[in-house]
Amino acid sequence: QVQPVESGGGLVQAGDSLRLSCVVSGNNFMSYTIAWFRQAPGMEREFIAAINRRHTRNYGGSTGGRFTIARENEKNTVSLHVNALKPEDAAIYYCAVDSTGDLYISTMSSQYTYWGQGTQVTVSS
């Protein structure tokens, strides 16, 4: 059973940094592509970043160089570091898994089969 579980969200001030974590259960973590999406109220789900089994990264166009994704295979964990948070970064952040082993990194949510429950990030100005 593949199950992503996010943590690390909370209330932060604008300008702060934050580290979100996603722990993924399952026996083939090293082969997965793991992505982060976010969704703000009334908005569509937005691709933030993803990392494949070769540690190749793909970032969404809105990240502005402030997001860094990394994986630790020995811990079945993918992290998302966010610097210089802005009020518009407030959203529910979701971790998602593409378990096909494909090296291509999709930005489409439909490519990702397994989703976590999300972690809320609130940014005060």
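**Notebook: rings, strands and cores**

I started with a charge over a ring: the charged end of R45 sits over the ring of W115, 4.7 Å from its centre. My rule for that is NZ of Lys or CZ of Arg within 6 Å of the ring centre and within 35 degrees of the ring normal. I also found R71 over the face of F29, at 4.8 Å from the ring centre.

Before going on, I noted that this is a predicted model, where local features need pLDDT of at least 70 and side-chain atom pairs count only at pLDDT 80 or more, while totals for chains, interfaces and linings use all residues. Residues are numbered from 1 along each chain as its sequence is written, and side-chain values use heavy atoms, with hydrogens and water left out.

**Ring pairs**

Next I looked up aromatic pairs, and a search of the whole structure gave 5 of them. Rings of Phe, Tyr and Trp (its six-membered ring) pair if their centres lie within 6.5 Å; planes under 30 degrees apart are stacked, over 60 edge-to-face, and the rest tilted. F37 and F47 make an edge-to-face pair, 5.5 Å centre to centre with 75° between the planes. F37 lies in strand β4 and F47 in strand β5, so this pair ties together parts that are 10 residues apart in sequence. Strands here are DSSP runs (E, at least two residues), numbered from the N terminus.

Are F37 and F47 buried or exposed? Both are buried, and I took buried as under 20% relative accessible area, exposed as over 50% and partly exposed as in between (1.4 Å probe, protein chains only).

Then I checked Y94 and W115: their ring centres are 6.4 Å apart and their planes at 70°, so this pair is edge-to-face. Y94 is in β9 and W115 in β10 (residues 114-115), so the pair ties together parts 21 residues apart in sequence. Y94 is buried, at a relative accessible area of 12%. Ring pairs link F37, F47, Y94, Y112 and W115 into a cluster.

**Around β4**

I stayed with β4, where 6 of the 7 residues are buried, so the strand is largely enclosed by the rest of the structure. β4 pairs with β9 in the antiparallel sense over 7 bridges; two strands pair if DSSP finds at least two bridges between them. The bridge partner of F37 in β9 is Y94. On β5, 5 antiparallel bridges join up with β4, and R38 stands opposite E46 there. β4 and β5 form a hairpin with 6 residues between them, and G42 in the turn has a positive phi of about 75°.

**The open sheet**

Which strands make the open sheet, and in what order? I read 4 strands, β1-β3-β8-β7, with antiparallel pairing. β1 (3-7) and β7 stand at the edges with a single partner strand each, so one side of each has no neighbour in the sheet. β1 and β3 pair over 5 bridges, and E6 has C22 in β3 as its bridge partner.

**Cores**

Last, I looked at nonpolar cores: buried Ala, Val, Leu, Ile, Met, Phe, Trp, Tyr and Cys residues joined through side-chain atoms within 4.5 Å. The largest has 25 residues, and V24, I34, W36, L80 and Y93 touch the most other members. Elements giving two or more residues to this core include β3 (18-25), β4 (33-39) and β9 (91-98). A second, separate core of 7 residues includes F37, A50, A96 and I105.
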